[in-house]
Amino acid sequence: MKQVLCYTREPIDEFYYDPKLAYSMHLAIGDNAGDDGTDDAGNSVRRGGSGDGIGSFQPLNHNSGVLFAKATENEDGSLNPKSIQNPYLFVRKDGTFGVAAVRTGGDGEEDAQSAGSVLLFASRDLLEYEELGLLALADEPVCRVACDYDREKDKYIMRWSVKSGDCYQAELEETGPSDQAPRAVRIDNWEWPEVKTDIEGAAAGNIVPVSDETAERLVKKLMPPHHVETIFEKQVTAGSKEQLQQFRARAVYSDGTQAQKRVDWDLEHVDWSCPGTYEIKGKLHQDHFPFPIAEDRADPCVAFWQGKYYFIATNDADRNHTLYVREADTIPGLADADEHLILDSDTYEHVGNLLWAPEFHEIGGKLYLFLAITPDEFFCEESHIMELREGGNPSHREDWSEPRRVVRRDGSELCEAGKTITLDMTCFFWEGDYYVVWSQRQFLPKDLGAWLYIAKLNADEPWKLSSEPVILSKPEYGWANNHTFVDEGPFALPQEDRLILTFSSAAVDTSYVVGLLTIEKGQDLLVRENWKKGNYPILTSRSVEGEFGTGHNAYVMDEYGDLWNTYHARPGIDGERSSGIRRVHFDIDGLPVLDLVEEQDVAEGLAEVDTKLIVSAGSECSAIDVGEK
C-alpha cells in the first residue's frame, strides 16, 4: 500500500503562484509510513507528525493543483470564480474516492453562495473528478470538514467546524449534494488530523492509503516520464543506408510508454557493395531546439506544404503590425531561416491595425491562412481567412489573397464589431467534415470573458460556416480565469479513436496555461456535453524551468512521423513572448505530454546503440569472402 497526501498551497505572488492556483487540491505520493490509528468512528487513519516520515512525500504535477472548483454562472452567462480550501480526501464505500472541501471565492475570500455548506467531489482514480455540488451543514460558514466511511455502521461520519469555533458531527447514508442540513450533534475536544510535510508551500490536509496500482497510475500520469531504456534489434538486414534508416530504436520511458527513434549510424567501415556482416554503432537522433527559437514571436504555427516547412507567428516586436513567414526544408531549419513579409497593417484598408494568431490550414487540397485582424481598436478584432493561389509559395506576399472576414452560413456577420470580438480561429477535418473552433468575447453591454465556440465549416467557401455556432468551453476553473476570464488558442489533434483539442487560458502573462478537451470518435462535436474537459492544465509556468506563461500551441507532424508542439512562453517572468518547439510524447492513456524536455526524452547514457548489420545485396567484393567486418 502507498499513501496519498492532499493539500492546498500558500499563495506566493501574482506572477508565480497566486490564490486561484494555490487554492486547489494538490496531491503527493509516499510510502506507507507513520502511525496506524483510529479516529472517533473507529476507522483506520494516518496522522502526520514529527518523526513519522511524512516529509518524504513526493509532490505530483509539478506541485500544482489537480482539482479545481467550477465557477458558478449568472443568468447573463457571466461567471463567478470559485476556489477551495481545506480539502479532505476520503475513500468511499465502493472503494472510489470522495473529496469534501470548503468552497471560497476565487481569491480565497468567504463565499456567500456556499455559506454553511461544503463542496463535494467524486473520483474513481484521483485524476478525473466529478463536482457533485453543495451539501448544507450549518447556519454559519463552515471552516473545515472531514468525512470518513465507517464500515461497522455502514455510514459516513462527517465532522465540521464553523466560524464560531464549534465542531459538529453527523452520520450520513450517502455523500451527495443537499440543501437540507443533516441532523448533527455538537462534539468537544476533537482534534483535526495534523499533517506535517516539507513540500514547498503546502498547507497540508489529510492522508489516505491507496493501492499500489492507484499510486503507480498517479505517478505515471502526474510526473513527467523520463528515458530509462533503449531497445534495438540485435541484427538487421539492409542493402543501403536508406534501408537501414527504416529501422528505428525504441526509447522506453519510466511510465512504460515508448517512442520510435531514428539512429545516426557510424558507417565509415561499411561497404554497401560487399555482402557480409558488419558490427555498427550509432546514437539516437535528437533535434535540439534551444528556447526560444524566435524572440518576440507569439502564437506560433508550423505547416508542411509542398515538401517544405513554414513558420508563422504573431509579431510582438512591432506590436502586431506585420506577419512574416519562415521557410525551410526541415523543422530544425526554421530556427534560423530568413523571414519574408506577407502582410502588414498598411496593405489593406480594412486591416489597419492588429494582426493576431495566424494559422496555416489545408482545406480541400488548398492552403489557407486563418488570422484575426482589425481596422481599428482591439474591440473590433475579427477572424479572417486568406487563400494561397494555386502553385503559390506561402512565403511570397503576392501569392496570398486579400483577407476575407469569416461569416455565418447565411453570409451575415459572425459578431457585431465593437461589441464582440472573434480570434484564434483554428480548423480541422474530422469524420467527413471540416470544423472551426475560435475564441469569442462579448465586451458590451457586459464583458463576459472569452469563450470557445465550435461550428462546421463550408469546405467550398471556407470563409462561411455551415452550422450555427455552439459554445464549447468557458473559463470556469481558477487556472482559466486567473487574472482574466479567457479560453482561447484552440488547436486540434485528431487521433484514431478520439479528437484531442488543446487550448490556452487566463491572461497572457505568467498565468497563461494550456488546457485539454477530448471527445470520443462517433460523438457529435456540436454537443457540448459530449466533450470531456480536464480539471487541471497540462502545461504551465511550473512545467519547464525558465519558461513562464506557456501557451497558444499548435502541432505539426514531420516527415519521419514525429509530432512537434510549437508554443510561446516567456524566458523569465518579465520576458517577452517567444516561440519554442518540443516533441510531443503520449502518456499511458494516449494523451499528449507537452513538458517532456530533451534531457528526459533522450538520456545521454542511453543514447548509444549497436547491432549487427547484414549487407544483403551489392556487387561481388573481389571474389573475397567478407565475413565478419
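A: Asn-63 counts as buried because its relative accessibility is 7%. Buried means under 20% relative accessible area, exposed means over 50%, and partly exposed lies in between, with a 1.4 Å probe and protein chains only. This is a predicted model, in which local features need pLDDT of at least 70 and side-chain atom pairs count only at pLDDT 80 or more, while totals for chains, interfaces and linings use all residues. Residues are numbered from 1 along each chain as its sequence is written, and side-chain values use heavy atoms, leaving out hydrogens and water.

Asn-63 sits in the loop between β5 (58-59) and β6 (72-73). Strands (E, at least two residues) and helices (H or I, at least four residues) are DSSP runs numbered from the N terminus. The phi of Asn-63 is positive, near 60 degrees, and the residue is not a glycine. Most residues other than glycine have a negative phi, and most peptide bonds are trans.

Leu-126 also has a positive phi, about 65 degrees, without being a glycine. Its loop runs between β10 (117-123) and β11 (130-136). Leu-126 is buried, with 0% relative accessibility.

Two cis peptide bonds come next. One joins Phe-291 and Pro-292, with omega about -5 degrees. Pro-292 lies in the loop between β22 (276-284) and β23 (297-305). Another joins Leu-444 and Pro-445, with omega about 5 degrees. Pro-445 lies in the loop between β32 (433-442) and β33 (449-457).

Now the helix. Thr-214 belongs to α2 (residues 212-222). Thr-214 counts as buried because its relative accessibility is 18%. Its side chain makes a polar contact of 3.0 Å with the side chain of Ser-211. A polar contact is a pair of N or O atoms within 3.5 Å; within protein, one must be able to donate a hydrogen and the other to accept it, and residues adjacent in sequence count only if both atoms are side-chain atoms. Setting aside residues up to four places away in sequence, Thr-214 touches Phe-97 and Asp-125. Contact means heavy atoms within 4.5 Å.

The buried residues of α2 are Thr-214, Ala-215, Leu-218, Lys-221 and Leu-222. Seen down the axis of α2, they fall within an arc of 135 degrees, so they line one face of the helix. The arc is taken from the directions from the helix axis to the C-beta atoms. These buried residues pack against β1 (2-9), β2 (26-31), β9 (97-105) and β16 (202-210).

Next, β28 (residues 366-373). Seven of its eight residues are buried. β28 pairs with β27 (residues 355-363) in the antiparallel sense over seven bridges. Two strands pair if DSSP finds at least two bridges between them. His-361 stands opposite Tyr-368 in β28. β27 and β28 form a hairpin with two residues between them, and Gly-364 in the turn has a positive phi of about 60 degrees. β28 also pairs with β29 (residues 382-387), antiparallel, over six bridges. Here Ala-372 stands opposite Ser-383 in β29.

Last, the cysteines. A disulfide is a pair of cysteine sulfur atoms within 2.5 Å. By this rule the count is zero. The sulfur of Cys-6 is 13 Å from the closest cysteine sulfur, in Cys-147, too far for a bond. Cys-6 is buried, at 0% relative accessibility. For Cys-380, the closest cysteine sulfur is in Cys-415, at 12 Å, also too far for a bond.
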